[in-house]
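Trainee: I have a fold on my screen and would like to learn how to read it. Can we go through it feature by feature?

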Amino acid sequence: MALKCQKIFITYGRFQPVTWGHENSFNAIKSAATSAGCDYHIFISHTNSPYDENPLSQDVKLKWMKLLLPQHADNIIAINPSSPQKCVRYCMTASRDIAHDYDECVYMVGSDRVNAMQFLHKYNGCNPKATVVDFSMKHFEIVSTGQRDADGKTFSISGTKMRNWARNGDLKEFKKGLPKKHKLKDEDISEFMALL
């Protein structure tokens, strides 16, 4: 593959469900990408275990995330199977969804995840220390979208809190945790809560 010096900003997560905290991270990614004159993508995990921490299937998450995040809807992507390294590799290959082959990638996550995601460097074929080649980015870095508390129980919003509010039928609190830009009515939100 010819290297073309094209950069993409990406993130990847479970989003079980998506919250205003995720929205803030996505806004930071969009801002960083826009400032650099680059594209960005938000990848959705395929992880799904009903009645557990991952009650939403990937297709259901895709539908609701596009509804809840209209400002990012065109940048939300679902690939299956998915993993952080597969998302990077996806950006290397032109397809009907992606018009460019990218050779630089900025992988953005909350501050508590930056160190944990450093393992991705071992998959980069352009890294002389790579142990398993899954993608080849001539520039690859992992950066923070902003400060985030790693403990979902104390973090101001979390998927755990959202799932608990949904399962307890607490529409008022659940609504407070949703992304701020959505235009959904209470009946739509109740439908979403029932899925959790």
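Mentor: Start with one residue. Aspartate 134 sits in the loop between strand E4 (104-109) and strand E5 (139-144). Keep in mind that this is a predicted model.

Trainee: Is aspartate 134 buried or exposed?

Mentor: Buried means under 20% relative accessible area. Aspartate 134 has a relative accessible area of 14%, so it is buried.

Trainee: Which residues is aspartate 134 in contact with, leaving aside neighbours within four places in sequence?

Mentor: Gln85, Arg89 and Tyr123.

Trainee: Now the sheet. How do strands of a sheet pair?

Mentor: Through backbone hydrogen bonds, in either a parallel or an antiparallel way. Here, an open sheet of 5 strands runs in the order E3-E2-E1-E4-E5, with parallel pairing. E3 and E5 are at the edges with a single partner strand each, so one side of each has no neighbour in the sheet. On average, neighbouring strands of this sheet are turned by 30° against each other, direction ignored.

Trainee: Which strands does E2 pair with?

Mentor: Take E1 and E3 in turn. Strand E1 (residues 7-13) is joined to E2 by 6 bridges, and the two run parallel. In that pairing, isoleucine 10 stands opposite histidine 41. Strand E3 (residues 76-78) is joined to E2 by 3 bridges, again parallel. There, isoleucine 42 faces isoleucine 76, and isoleucine 44 stands opposite alanine 78.

Trainee: How many residues of strand E2 are buried?

Mentor: In E2 (residues 39-44), 5 of the 6 residues are buried, so the rest of the structure largely encloses the strand.

Trainee: What is phenylalanine 174 in contact with, beyond its neighbours within four places in sequence?

Mentor: Its contacts include Pro17, Met162, Trp165 and Ala166. Ile189, Phe192, Met193 and Leu196 are also among them.

Trainee: Last topic: aromatic rings. What describes a pair of them?

Mentor: Two things: the distance of the centres and the angle of the planes. The count here comes to 6 aromatic pairs. In one of them, tryptophan 64 and phenylalanine 192 have ring centres 4.8 Å apart and planes at 20°, so the pair is stacked. Tryptophan 64 is in helix H2 and phenylalanine 192 in helix H6, so this pair ties together parts 128 residues apart in sequence. Tryptophan 64 and phenylalanine 192 are both buried.

Trainee: And the rings of phenylalanine 135 and phenylalanine 140: how far apart are their centres?

Mentor: Their centres are 5.1 Å apart, and with planes at 50° the pair is tilted. Phenylalanine 135 is buried, as is phenylalanine 140.

Trainee: Which residues do ring pairs link into a cluster?

Mentor: Trp64, Phe174 and Phe192.

Technical notes: Residues numbered from 1 in each chain as written. Predicted model: local features only at pLDDT ≥ 70, side-chain atom pairs only at ≥ 80, totals over all residues. Heavy atoms only, no water. Buried < 20%, exposed > 50% of the residue type's maximum accessible area, 1.4 Å probe, protein only. Helix = DSSP H or I, 4+ residues; strand = E, 2+ residues; numbered from the N terminus. Pairing = 2+ DSSP bridges. Contact = heavy atoms within 4.5 Å. Axes fitted to C-alpha atoms, helices over the stretch in contact; angles between N-to-C directions. Phe/Tyr/Trp six-rings, centres within 6.5 Å; stacked < 30°, edge-to-face > 60°.
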